[in-house]
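Please read each point beside the structure.

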Amino acid sequence: SIQERSIVLKLVISRIVLSLSLIGLMGTASQAGADTTKGKTLKIVNSYKCASIDPAYSGSHWLFDWAAADTFMKVTENGEIVPNVLESLERLDDLTWKLTLREGVQFQNGKKLDGEMAAKAIRRQLEKSKRAQMLLGGAEVAVDGPLTLTITTPAPNASVPRALAARNSSLFVYDADVMEDAAKDYAKIVNAGAFTAPYEIVAYTPEYFKLKGFDGHWAGTPALTEIEIRVVPDEQARIKAVQSGEADLAFYPPFEAAYTLKDRDDAFFRVSAKALQSLLIYLNLQAPP
């Protein structure tokens with residue numbers, strides 16, 4: 001099924017959320033809408049907990065949604081899969097893909113991203129993440145140079161670009177040593193600078209997330225100073241948080257809010273121009289329908 005994402009928002013940021021792409025919204029100052037958000041804190045109320053900040057475990061896809069983790073590739077609003085932290089992705093033959101990293105990418109803790117660190121993160125995901133295994137199970141990763149590595153799949157696999165871009169496959173760019181040392185003690189990941197993303201995790205519980213802008217992000221200075229995400233299960237409470245000024249965005253409001261908020265000036269209902277998620281669609285390439 002295709003799921004549309006809807007939100008309620010305040011007028012002060014309505015100009016920059018029409019696309020509802022959070023990576024666009026919470027990205028760098030060079031992106032559209034940065035003039036209205038520069039130096040501000042964005043406050044979000046959401047209905048879902050962020051169950052994990054270790055990419056290997058369930059619930060970590062929220063790291064991508066809140067701009068706390070980078071992907072190697074990315075999906076544009078037009079549905080194209082293009083390089084992100086990668087400079088390029090090249091298919092060498094039926095089984096082999098060459099990944100070339102951008103120069104100058106660094107983690108929030110100051111470490112430089114190179115082929116070895118990238119390979120270590122991918123290998124860890126293939127070992128521990130069921131989502132990664134669904135798309136790239138059995139793949140082998142080799143480091144060819146300071147900024148290059150290869151992924152070799154056991155059979156021809158056209159999903160490699162998608163796997164490197166998908167928020168749900170959890171093939172994020174991260175410092176695998178930090179995650180291993182933390183051993184699921186998420187307090188040890190907070191303030192550890194384990195990602196290359198535009199925003200760094202400075203506080204975390206499953207119900208509360210606080211991020212601060214990372215000035216050293218490879219794509220430029222983030223547009224926002226801070227992002228705060230709180231879990232508020234009640235739909236009406238999320239809408240009231242926007243109306244009262246306690247929040248700027250309320251995710252997943254009931255669709256009747258499109259009518260109850262009509263002509264109001266304290267909150268606005270928006271639906272994404274395009275569907276942003278396709279949920280669990282896999283093509284069976286072995287058996288005909």
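1. Y48 is partly exposed, at a relative accessible area of 48%. Here buried means under 20% relative accessible area, exposed over 50%, and partly exposed in between, with a 1.4 Å probe and protein chains only. Y252, by contrast, is buried at 16%.

2. The model is predicted: local features need pLDDT of at least 70 and side-chain atom pairs count only at pLDDT 80 or more, while totals for chains, interfaces and linings use all residues. Residues are numbered from 1 along each chain as its sequence is written, and side-chain values use heavy atoms, with hydrogens and water left out.

3. The structure holds nine aromatic pairs. Rings of Phe, Tyr and Trp (its six-membered ring) pair if their centres lie within 6.5 Å; planes under 30 degrees apart count as stacked, over 60 as edge-to-face and the rest as tilted. Y48 and Y252 form an edge-to-face pair, with 5.5 Å centre to centre and 90° between the planes. Y48 lies in the loop between strand 3 (41-46) and helix 3 (62-65), and Y252 in the loop between strand 15 (249-251) and helix 9 (257-260), so the pair ties together parts 204 residues apart in sequence. Helices (H or I, at least four residues) and strands (E, at least two) are DSSP runs, numbered from the N terminus.

4. W66 and F251 are also an edge-to-face pair, at 5.7 Å centre to centre and 85° between the planes. W66 is buried at 2% relative accessible area, and F251 is buried at 3%.

5. Ring pairs link Y48, W62, W66, F251 and Y252 into a cluster.
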